[in-house]
Amino acid sequence: MPSYTSFALAGGFLLHGVSLFTRIGPMSVQAMWAWASNPPKCEPATGAAWSFQEGSFIAAGVTGTVVCNGGLAASTATVTCPQSTGTSGDGDWWSLCGSGNSCPTKYKIGATVSCSSPSTTQGGT
């Protein structure tokens, strides 16, 4: 005749097994670890007539210096790449990077930056 302990153990295993398949009960929490192998980066917006003084992209949370093509003047001197927490639900980054250890898509910034001829003062006689 089975003991009460055997019934209790069998019931525990049964409930645990059912909860694994139906997702009832305690669930584990998972986090992204800042996309360590390829962290989030920003690049100039598509069609931009400028680049970063620092290189072709800047890291999340960094402010980059705007350099217009052809020596033109920028409407703003710097742009900032949004900060990243590297965890699930990370505002600007989660939809681009998703889950995993890498963030292959660069965030495009500076769409409102414009480049124009530098203003010059001409002297008269």
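1. Gly 110 lies in the loop between β7 and β8 (115-116); helices (H or I, at least four residues) and strands (E, at least two) are DSSP runs, numbered from the N terminus. With a relative accessible area of 16%, Gly 110 is buried. Buried stands for under 20% relative accessible area, exposed for over 50%, and partly exposed for values in between (1.4 Å probe, protein chains only). Apart from neighbours within four places in sequence, Gly 110 is in contact with Ala 45, Trp 50 and Val 79, where contact means heavy atoms within 4.5 Å. Gly 110 and Thr 80 are 30 residues apart in sequence, and their C-alpha atoms are 8.5 Å apart in space.

2. On the basis of the note: this is a predicted model, in which local features need pLDDT of at least 70 and side-chain atom pairs count only at pLDDT 80 or more, while totals for chains, interfaces and linings use all residues. Residues are numbered from 1 along each chain as its sequence is written, and side-chain values use heavy atoms, with hydrogens and water left out.

3. The overall fold may be summarised next. The chain has two helices and eight strands, arranged along the sequence as α-β-β-β-β-β-β-α-β-β. Of the 125 residues in the chain, 21% are buried. Among contacts with a separation of 6 or more, 53% are between residues 24 or more positions apart. The chain exposes about 8,700 Å², of which carbon and sulfur atoms supply 59%; accessible areas come from the Shrake-Rupley method with a 1.4 Å probe, and for residues only the protein chains shown count as cover.

4. The largest nonpolar core has 14 residues, and Trp 50, Val 79, Trp 93 and Ile 109 touch the most other members. Such a core is a set of buried Ala, Val, Leu, Ile, Met, Phe, Trp, Tyr and Cys residues joined through side-chain atoms within 4.5 Å. At least two residues of this core come from each of β2 (50-52), β4 (63-68) and α2. Not counting residues up to four places away in sequence, Val 79 touches residues including Trp 50, Phe 52, Ile 58, Val 62, Ile 109, Gly 110 and Val 113.

5. Three aromatic pairs are found in the whole structure. Rings of Phe, Tyr and Trp (its six-membered ring) pair if their centres lie within 6.5 Å; planes under 30 degrees apart count as stacked, over 60 as edge-to-face and the rest as tilted. One of the pairs, Trp 35 with Trp 94, is tilted, at 6.1 Å centre to centre and 40° between the planes. This pair links distant parts of the chain, with Trp 35 in the loop between α1 (4-22) and β1 and Trp 94 in helix α2 (residues 91-97), 59 residues apart. Trp 35 is buried at 0% relative accessibility, whereas Trp 94 is partly exposed at 27%. The rings of Trp 50 and Phe 52 have centres 5.3 Å apart and planes at 80°, so this pair is edge-to-face. Trp 50 is buried at 4% relative accessibility, and Phe 52 is buried at 5%.

6. The structure holds one salt bridge, defined as a side-chain nitrogen of Lys or Arg within 4 Å of a carboxyl oxygen of Asp or Glu. The side chains of Glu 43 and Lys 108 form this bridge, at 2.4 Å from N to O. Glu 43 lies in strand β1 (residues 41-44) and Lys 108 in strand β7 (residues 107-109), so the pair ties together parts that are 65 residues apart in sequence. Glu 43 is partly exposed at 22% relative accessibility, and Lys 108 is partly exposed at 43%.

7. The ring of Phe 57 has the charged end of Lys 41 over it, 5.5 Å from its centre. The charged end of Lys 106 also sits over the ring of Phe 57, 5.3 Å from its centre. A charge sits over a ring if NZ of Lys or CZ of Arg is within 6 Å of the ring centre and within 35 degrees of the ring normal.

8. Two loop positions complete the note. Ala 77 is placed in the loop between β5 (73-74) and β6 and is exposed, with a relative accessible area of 54%. Leaving aside neighbours within four places in sequence, Ala 77 is in contact with Gly 64, Thr 65 and Val 66. Ser 88 is in the loop between β6 (78-80) and α2 and is partly exposed, with a relative accessible area of 49%.
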